[in-house]
Amino acid sequence: MISFVDIYECKRKFATLISKLYYSAGLSLEIINDKLIYGNILRLFEENKVEELLAKQYQDLSLEFFDAELKYDTNDDGPIYWAALQSVNISLNYSIPLKQIFLLCPLSEMVAHFDIYHQMNNIEMSKEFLENEYKRSILREIRKTIGITASQLGKMAKVPQNTLKYLEKSNTNLFNSSYQTIASIMNATNIKDISIFTKTSNFVPFSKYLINNESFMLCLKKEISSYFDLKIVDNLKIGIGDSKEINAPYLSFDVITKLYVNNHIYVIEDNIMLCILKNAIKDTLHSEVVTELLL
């Protein structure tokens, strides 16, 4: 089932949770950041299960993912709230897994930027992160987080030192390495989430408002037509299980999505539709209107 979520509410709840962990539960930025990287909460994003995040109380989220107690008498609009919010914005803008963002630009740095610039805007913060992504190695940051040397990691993962040196030289080298190498590193560093070692995030949030956006619908029809090798036609209708059109503000797809083109019916499975929707969102990110809907 592909679900539509309120993206603003999703970002707000995640950012508020991070703030409560710091202000109410008394966790340090380093502990929170470490839990984000090695814990399971960010899997809700990568597995497109953020409705679980929205459905649960802060207290439950705190206990389940951070082993922490929370109180509710706190102001959540401080620098930690802003830092967490910007991290999700970067993920949405560039389709970067959140765990990579918290590795390459941890909460402590994000909060420091808040103090210096009193909130960098989205463009400034994105530029800052992209510079970190270029200068810093994901693999090196993982080593630093768990406190081991390259030599130790090489022995633990049974990966030659020259290979590790190559993988730490650029993140592109890491992303393009063999699955066997990545699996060995994951096992050695006790990382369970493959998203840290992938270039693109699987998080595909679909705002119910996006479906009514004309620019998005044009890109979506283009992607669907391309997939089925169809010509772009004005009477392309995208059914939602029971043949209702997609441009109605429904909150979810059925297991399959049907296309109606010149009285022919095409069926798209969930995983294919997910890729098509993701590409359509990327195609429309240059539109200010769509960007506002996402952010």
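The model is predicted, so local features need pLDDT of at least 70 and side-chain atom pairs count only at pLDDT 80 or more, while totals for chains, interfaces and linings use all residues. Residues are numbered from 1 along each chain as its sequence is written, and side-chain values use heavy atoms, with hydrogens and water left out.

**Exercise 1.** Determine which residues have the most contacts inside the largest nonpolar core.

*Solution.* 
Step 1. A nonpolar core is a set of buried Ala, Val, Leu, Ile, Met, Phe, Trp, Tyr and Cys residues joined through side-chain atoms within 4.5 Å. Buried means under 20% relative accessible area, exposed over 50%, and partly exposed in between (1.4 Å probe, protein chains only).
Step 2. The largest such core has 64 residues, and Phe-14, Leu-36 and Phe-66 have the most contacts inside it.
Step 3. Helix α6 (residues 79-94) supplies the largest share of this core, 8 residues. Helices are DSSP runs of H or I with at least four residues, numbered from the N terminus.
Step 4. Apart from this core lies another, of 10 residues, including Leu-220 and Ile-281.

**Exercise 2.** State whether Asn-33 is buried or exposed, and list what Asn-33 touches.

*Solution.* 
Step 1. Asn-33 belongs to helix α2 (residues 29-38).
Step 2. Its relative accessible area is 7%, so Asn-33 is buried.
Step 3. Leaving aside residues up to four places away in sequence, Asn-33 is in contact (heavy atoms within 4.5 Å) with Phe-102, Pro-106 and Leu-107.

**Exercise 3.** Describe the lining of the largest pocket by class.

*Solution.* 
Step 1. A pocket is an open set of points on a 1 Å grid over the protein atoms alone, where a 1.4 Å probe fits, with protein on both sides within 12 Å along at least five of seven lines; lining residues have an atom within 4 Å of a point.
Step 2. Of its 14 lining residues, Ile-96, Glu-133, Thr-172, Phe-175 and Lys-199 are the closest to its centre.
Step 3. The lining has 5 nonpolar, 5 polar and 4 charged residues, where Asp, Glu, Lys and Arg count as charged.

**Exercise 4.** Locate Lys-158 and Asn-190 and give their phi values.

*Solution.* 
Step 1. Lys-158 is in the loop between α11 (150-157) and α12 (161-169), and Asn-190 is in the loop between α14 (179-189) and α15 (214-227).
Step 2. Neither is a glycine, yet phi is positive: about 55° for Lys-158 and near 60° for Asn-190.

Note on methods. Helices (H or I, at least four residues) and strands (E, at least two) are DSSP runs, numbered from the N terminus.
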